[in-house]
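My notes follow in the order I took them.

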Amino acid sequence: MKKYIYLKPTFKNGQLYALDLDGKDYTRVVREHMLNLAKANDQSIQYDPEAGKCYRKPLEMFDEQTPAKPEVATVDTISEDPVLAFIHSSYDLKPEVLKMPELKWKYLIRSAVRGKNIMMTGAAGSGKTMAAKHLVDALDRPHFYFNLGATQDPRSTLIGNTHFKEGAGTLFCESLFVKAIQTEDSIILLDEISRAHPEAWNILMTVLDEGQRYLRLDEQDDSPTIKVAPGVTFVATANIGNEYTATRSMDRALVDRFIIVEMDLLNMDEEAELLKELHPKLTSDQSKTIAEIASITRSEVKSESPKITNSISTRLSVESAGLMEDGFTLGEVAEVTIYPFFDDDGGVDSERTFIKQLVQKYIKTEDSDDLFNIEDDDKSEDQN
């Protein structure tokens, strides 16, 4: 069956052209006289690229080449489709403690419902694992957790072990991961995948590939394979960046098997609100102080000439808030939670000195007031 290209006579900058549906110019293949006649009679041009010939045809034949516009999901179609209705109403399922924009939460839910592989990225302590766990709660599906960053033996964790038993011979004991991928509609959390051993990535390649979706139990070509059950969703968390020294540069082929949901760092007001929600006995001033100190460190790291190389994470802010709720002062909290995260090399120019000077601005001068009172008492004794 011949394949024709349909052209429409179109005036452009005072010149008559023969353009296809995408606007590509074919004027050179049409005789000027034919092009003028087609325009005068409101016709299109049928071009046969094999024969190099042109014919005048009804304009409707050009219009018929226009692809139908994809149907946009309207309010009616959403309400009629239970899956779409669930996705678009899913923001109600997000807990208040998870500070995540509505669009990203819905994207996360939609990706899981559609069986996508999801990679949660973002700074340390930004809530990647928390979001993944709340996703499990929202969908109420079977779930499994694997910390790949703590795995020293990827084959044992993801495939299983071979044991020798007297009287029975060599036995293969499959891993929990093998069971997990065979559990229909399960959610499998692969935590800290960026810290995983490269062998773990190699094992996961076929598991995560949409066109394969299987786990090979052995490297031999004829070894048995385990198919990933329908509806299984993989959710990975990753720290990506030079500041994460224990992470590895991830294989691009592996990353491309995921859709990315990036977790944003909270702004100062959001973080203060979160700290107050997690630790209700904290005063508003205390939560704002912790959030403000954290915010300043994040701005400093992004400055042109930063004095520090890492910032206070939300996780660290939450830990600090918990200590203050338990009656520790800001100075004590900083001493045990904040300062150890900053390098002490360099003396007065060190990162820790910068942080100490920053925190000192927020520490109340109760101790100083006591010293002044002691001085006053000493003076009054001298006068007596």
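Predicted model: local features only at pLDDT ≥ 70, side-chain atom pairs only at ≥ 80, totals over all residues.

I started with strand S1, residues 5-12, and found it joined to S2 by five bridges, the two running antiparallel.

Next I looked up who faces whom across S1 and S2. Phe11 stands opposite Leu16 in S2, and Thr10 has Tyr17 of S2 opposite.

What lies between S1 and S2? I found two residues there, the two strands forming a hairpin. I also noted Asn13 in the turn, with a positive phi of about 55°.

I read an open sheet of four strands in the order S2-S1-S3-S4, with antiparallel pairing. Its edge strands are S2 (15-19) and S4 (53-58), and each of them pairs on one side only.

My next entry is on another sheet. I found five strands in an open sheet, ordered S6-S9-S12-S5-S13, and the pairing is parallel. Why does one side of S6 and of S13 lack a neighbour in the sheet? Strand S6 (143-147) and strand S13 (259-262) stand at the edges with a single partner strand each, so one side of each is left without a neighbour.

Strand S9 (residues 187-191) pairs with strand S12 (residues 233-238) in the parallel sense, over four bridges. For Leu190, I found Ala236 as the bridge partner in S12.

How many salt bridges does a search of the whole structure find? I got nine. One of them that I wanted to see joins the side chains of Lys99 and Glu273, at 3.3 Å from N to O. This pair links distant parts of the chain, 174 residues apart. I placed Lys99 in the loop between helix H4 (82-88) and helix H5 (102-113), and Glu273 in helix H11 (residues 268-278).

My last look-up was the surface. Asp42, Glu60, Asp63 and Glu64 form a negative patch there. Of these, I traced Glu60 to helix H2, residues 59-63.

Technical notes: Residues numbered from 1 in each chain as written. Heavy atoms only, no water. Patch = residues over 30% accessible without salt bridge, like charges linked within 9 Å, V, L, I, M, F, W, Y side chains within 5 Å. Areas by Shrake-Rupley, 256 points an atom, 1.4 Å probe, with all protein chains shown as cover. Salt bridge = Lys/Arg side-chain N within 4 Å of Asp/Glu carboxyl O. Lys, Arg positive; Asp, Glu negative; His and termini not counted. Charge placed at Lys NZ, Arg CZ, Asp CG, Glu CD. Pairing = 2+ DSSP bridges.
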